[in-house]
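Please read it alongside the sequence and structure shown here.

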Amino acid sequence: MTTELALLGWTLVLAIVQILLHSTLRSRETGPEFNTGARDGEAPPPGKITARLERAKLNLFETLPLFIGAVLAAHLAGVQGTLTWWGCWLYFGGRVVYLPLYAFGVPMVRSLVWLVSMVGLGMVLYALLGNS
């Protein structure tokens with residue numbers, strides 16, 4: 001398996017971790033009755049960290065399909081190399097670092113880290129499209 005596909009797999013694990021982190025905190029806030037019920041009534045507002053974790057999760061889910069597509073397309077096209085290797089590491093590493101920065105409300109640095117992950121995605125796309 002290529003490093004790029006392995007990093008794609010680890011990014012999917014990160015997505016599951018983000019789902020579980022958010023849902024665990026949210027379940028603690030709403031309680032078992034609400035969580036296991038029909039959820040017809042209003043839920044209490046989320047706590048600060050829970051809301052941040054939800055936004056971080058949604059932010060990942062905005063770019064994750066693009067990353068999946070880019071990595072798989074690069075793999076199918078056989079264009080893995082230094083550019084895709086670094087691109088995947090930047091995307092994955094950026095997403096890992098982004099999560100605690102968002103959870104703890106760190107401004108500016110969080111946005112710069114997000115930009116690093118987008119540069120990584122761009123590198124994979126450039127490797128794919130630059131060889132067409």
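The model is predicted: local features need pLDDT of at least 70, side-chain atom pairs count only at pLDDT 80 or more, and totals for chains, interfaces and linings use all residues. Residues are numbered from 1 along each chain as its sequence is written, and side-chain values use heavy atoms, with hydrogens and water left out.

**Nonpolar cores**

- A nonpolar core is a set of buried Ala, Val, Leu, Ile, Met, Phe, Trp, Tyr and Cys residues joined through side-chain atoms within 4.5 Å; buried means under 20% relative accessible area, exposed over 50%, and partly exposed in between (1.4 Å probe, protein chains only).
- The largest nonpolar core has 17 residues, of which Leu8, Phe67, Val71, Cys88, Tyr91, Leu121 and Val124 touch the most other members.
- Two or more residues of this core come from each of helices H1 (3–36), H2 (48–77), H3 (82–103) and H4 (109–130), where helices are DSSP runs (H or I, at least four residues) numbered from the N terminus.
- H2 gives the most to this core, namely 6 residues.
- Leu121 touches Leu66, Phe67, Ala70, Gly87 and Tyr91, residues up to four places away in sequence not being counted; contact means heavy atoms within 4.5 Å.
- Leu53, Ala56, Tyr98 and Val113 are among the 9 residues of a second, separate core.

**Helix pairs**

- H2 and H3 pack at an angle of about 170°, with their axes 9 Å apart; axes are lines fitted to C-alpha atoms, for helices over the stretch in contact, and angles run from 0 to 180 degrees between N-to-C directions.
- H2 is therefore roughly antiparallel to H3, a term for angles over 145 degrees.
- Residues making this contact include Leu53, Ala56, Phe67 and Val71 of H2 and Cys88, Tyr91 and Tyr98 of H3.
- The contact of H2 with H3 comprises 14 nonpolar, 3 polar and 3 charged residues; Ala, Val, Leu, Ile, Met, Phe, Trp, Tyr, Cys and Pro count as nonpolar, Asp, Glu, Lys and Arg as charged, and the others, Gly among them, as polar.
- The axes of H1 and H2 come within 10 Å and cross at roughly 160°, so H1 is roughly antiparallel to H2.
- The contact of H1 with H2 has 18 nonpolar, 5 polar and 5 charged residues.

**Loop residue Met108**

- Met108 lies in the loop between H3 and H4 and is exposed, with a relative accessible area of 65%.
- Phi of Met108 is near 60°, a positive value in a residue other than glycine.
- Most residues other than glycine have a negative phi.

Key. Parallel < 35°, antiparallel > 145°, perpendicular 65-115°, else oblique.
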